[in-house]
Amino acid sequence: MAMDMESRWGMGRTELPVQEEEGSMETLTVNGRTVTVKKGLRTKTILSIFCQQNKLQYPVYKVTVVNESESEMKLFRAKFHLDGQNVVGSGQDVKKAEMAAARKFINNNFMLGENSPQAEIQVPNSKKKIPPNKVRNQNKRMEEYFKRKHEETNAALVLVKR
């Protein structure tokens, strides 16, 4: 079959419907809700898709170090609350702990009651929270900036009309 240059380089081509192989998708039931995802996705990705499909907020992981004094064998514990369930996972680093917690949620393995926070040290979150007074100041500066720009635009329009 001969191809012209346009179709060869992708210009002017029409999109064909994607045909999925039979069995490439799976439907999971998590906490009484369903989620349909591609097979082979990571658990945190499945959890994000679950939140999107069921219109839930994404989980906020609270990560703590269980044994900070151990330099080689630290144990991290990740917790989150989602859809009325508390979930805890642990691992050798923060990422593994979060993945373990997501896996437990996806597998309907929820925590009964609250565990003891004994010897846990909070790991600082990489996302910084901006204090409310700085947010107010920033909003005030932005309002002043937009007001000044609006005035400059109006002044330029008046000059153009003359």
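Modeller: Contact here means heavy atoms within 4.5 Å. Keep that in mind as we read this predicted model.

Biologist: Then take Glu98. Which residues does Glu98 touch, not counting residues up to four places away in sequence?

Modeller: Lys44, Tyr61, Val63 and Ala78. Glu98 itself sits in helix α3, residues 94-106.

Biologist: Is Glu98 buried or exposed?

Modeller: Buried means under 20% relative accessible area. Glu98 has 15%, so it counts as buried.

Biologist: What does the side chain of Glu98 make with the side chain of Lys44?

Modeller: A polar contact, at 2.7 Å. The pair also qualifies as a salt bridge, with 2.7 Å between the closest N and O atoms. This bridge links distant parts of the chain: Glu98 is in helix α3, Lys44 is in helix α2, and 54 residues separate them. Lys44 is partly exposed, at 26% relative accessible area.

Biologist: How many salt bridges does the count come to?

Modeller: The rule asks for a side-chain nitrogen of Lys or Arg within 4 Å of a carboxyl oxygen of Asp or Glu. The count is three. One of them joins the side chains of Asp83 and Arg33, at 3.0 Å from N to O. That pair also links distant parts of the chain: Asp83 is in the loop between β4 and β5 (85-91), while Arg33 is in strand β2, 50 residues apart. Asp83 is partly exposed at 22%, and Arg33 is partly exposed at 29%.

Biologist: Where do Glu152 and Lys149 lie?

Modeller: Both lie in helix α4, three residues apart, about one turn of the helix. Glu152 is partly exposed at 43%. Lys149 is partly exposed too, at 38%.

Biologist: Back to helix α2. Which residues of α2 are buried?

Modeller: In α2, residues 43-53, they are Thr43, Ile46, Leu47, Ile49, Phe50 and Cys51. Their cover includes β1 (25-30), β2 (33-38), β4 and α3. Just after α2, check the backbone: Lys55 takes a positive phi of about 55 degrees.

Biologist: Now a loop residue. What does the side chain of Asn67 reach at 2.9 Å?

Modeller: The backbone oxygen of Met73. A polar atom of the Asn67 side chain also lies 2.7 Å from the backbone nitrogen of Leu75. Asn67 is in the loop between β3 (62-65) and β4 (76-82). Beyond four places in sequence, Asn67 touches Met73, Lys74 and Leu75. At 23% relative accessibility, Asn67 is partly exposed.

Biologist: And the surface? Which residues make a nonpolar patch of about 300 Å²?

Modeller: Met142, Tyr145 and Phe146. Tyr145 belongs to helix α4, residues 132-161. Tyr145 is partly exposed, with 35% relative accessible area.

Biologist: Zoom out. How many helices and strands are there in the protein chain?

Modeller: Four helices and six strands. From the N terminus on, the order is α-β-β-α-β-β-β-α-β-α. Of the 162 residues, 23% count as buried. The chain exposes about 13,200 Å², and carbon and sulfur atoms supply 52% of that area.

Biologist: What share of the contacts with a separation of 6 or more comes from residues 24 or more positions apart?

Modeller: In this chain, 34%.

Notes
Residues numbered from 1 in each chain as written. Predicted model: local features only at pLDDT ≥ 70, side-chain atom pairs only at ≥ 80, totals over all residues. Heavy atoms only, no water. Helix = DSSP H or I, 4+ residues; strand = E, 2+ residues; numbered from the N terminus. Buried < 20%, exposed > 50% of the residue type's maximum accessible area, 1.4 Å probe, protein only. Polar contact = N/O pair within 3.5 Å; in protein donor to acceptor, adjacent residues only side chain to side chain. Areas by Shrake-Rupley, 256 points an atom, 1.4 Å probe, with all protein chains shown as cover. Patch = residues over 30% accessible without salt bridge, like charges linked within 9 Å, V, L, I, M, F, W, Y side chains within 5 Å.
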